[in-house]
Amino acid sequence: MDMALASKASPPPWNATAAEQPIPKRDKAAANDSTYLNPQAHDSVLGIILGGGAGTRLYPLTKKRAKPAVPLGANYRLIDIPVSNCLNSNISKIYVLTQFNSASLNRHLSRAYGGNIGGYKNEGFVEVLAAQQSPDNPNWFQGAADAVRQYLWLFEEHNVMEFLILAGDHLYRMDYEKFIQAHRETNADITVAALPMDEKRATAFGLMKIDEEGRIIEFAEKPKGEQLKAMMVDTTILGLDDVRAKEMPYIASMGIYVFSKDVMLQLLREQFPEANDFGSEVIPGATSIGKRVQAYLYDGYWEDIGTIAAFYNANLGITKEPMPDFSFYDRFAPIYTQPRHLPPSKVLDADVTDSVIGERMCY
């Protein structure tokens, strides 16, 4: 379940309950759909997945491969999670930025998704963008924001409204169309996906403080003691009930962002041309200069597979009976890993389509 953050005093339509939520006139034709997004995501959103750093905390799994190429659940790679979330959210223009030990990742992406995205017009793609030196920039990627900055010349060529920034090493299932819809309805410059958090786990995350409209007003990186207490928020304004709000009085950044295109270009080129990181530099900086930075609540399973312990626990979690922590087999939002697993609407080769339909019947 995910939802936008809203004012407690006068909640806008997207924070109302299903029974209370009014349907605008333009939405009545799509009242049976889970999301109304205009223009549609496949035309207006560019997905950018970050391949991450050297992955030293996952060593030796990252001895010869990048973090997103680490296998998970036997048949999958971590990169399959954000790519599948994009495809299930109608986002078919996807770039993956890589740098460290990227041969395995590049090979997997080429075999699993190359030439199979976008329907008969072949308008979609999953394309690898490797770190490179150029006369204008002799350095490798210095961080997530710097990686995006170095390829802005390519990203800005796409006629889109938003850039969706994702990590390649998280395990979760999310409808990005709802995320983007909330971004547009709040007229945000940047929207940050936020996870409700209890006090025990909160000290390990970057926390955010919001006002009654869900606008982010303060950040704290792994706070403790009194600084932690100061980051408490009334999470009932996020849609949580009183019991859960008391259990989870903090919200943590998931490292997932929606940027309006023109805002991204301005921030990385003009306002913060030396910033290397989104979470600690660009987004707090955007808040400080008056940009509208909104929080968006994601209330579901999410795990950052950044350490051996997290990797071990996530793999155990998907084997739990009768209900795993995370299931790859969701009939309406499956996780793909090979060309035969792509849905028929995404596959170009007619010989593959029959086997895809057979596979889908199992979900």
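**Ground rules.** I'm working with a predicted model, where local features need pLDDT of at least 70 and side-chain atom pairs count only at pLDDT 80 or more, while totals for chains, interfaces and linings use all residues. Residues are numbered from 1 along each chain as its sequence is written, and side-chain values use heavy atoms, with hydrogens and water left out.

**Cores.** I started with nonpolar cores, meaning buried Ala, Val, Leu, Ile, Met, Phe, Trp, Tyr and Cys residues joined through side-chain atoms within 4.5 Å. For burial I used relative accessible area: under 20% is buried, over 50% exposed, and in between partly exposed (1.4 Å probe, protein chains only). The largest core has 58 residues, and L164, Y172, Y176 and F179 have the most contacts inside it. Its largest share, five residues, comes from strand β12 (residues 250-260). Helices (H or I, at least four residues) and strands (E, at least two) are DSSP runs, numbered from the N terminus. I also noted a second, separate core of 47 residues that includes A145, Y257, M264 and F278.

What does F179 contact, leaving aside its neighbours within four places in sequence? I found L164, M174, T191, V192, A193, I256, Y257, V258 and Y296, with contact meaning heavy atoms within 4.5 Å.

**A252.** This residue sits in strand β12 and is buried, at 1% relative accessible area. Not counting residues up to four places away in sequence, A252 touches A193, A194, L195, M197, F205, G206, L207 and M208.

**Helix α10.** In this helix (residues 261-271), I found K261, V263, M264, L265, L267 and L268 buried. The buried residues of α10 pack against α4 (144-150), α5 (152-155), β7 (162-167), β9 (190-197), β12 and α11 (278-288).

**Rings.** I counted Phe, Tyr and Trp rings (the six-membered one for Trp) as paired if their centres lie within 6.5 Å; planes under 30 degrees apart are stacked, over 60 edge-to-face, the rest tilted. There are 14 aromatic pairs in the structure. Y95 and F125 have ring centres 4.9 Å apart and planes at 55°, so I logged the pair as tilted. The two residues are 30 apart in the chain, with Y95 in strand β5 (residues 93-98) and F125 in strand β6 (residues 125-130). Y95 is buried at 4%, and F125 is buried at 18%. Ring pairs link Y95, F125, Y151, W153, F155 and F163 into a cluster.

**D189.** I found this one in the loop between α6 (176-185) and β9. D189 is buried yet has no salt bridge, and the nearest side chain of opposite charge, K291, is 5.2 Å away. A salt bridge needs a side-chain nitrogen of Lys or Arg within 4 Å of a carboxyl oxygen of Asp or Glu; for charge, Lys and Arg count as positive and Asp and Glu as negative, with His and the chain ends not counted. The backbone nitrogen of R292 lies 2.7 Å from a polar atom of the D189 side chain.

**Backbone.** I logged a cis peptide bond between N38 and P39, omega about -5°, and a cis bond joining Y59 and P60, omega about 10°. N90 is not a glycine but has a positive phi of about 70°.

How values were computed: Polar contact = N/O pair within 3.5 Å; in protein donor to acceptor, adjacent residues only side chain to side chain.
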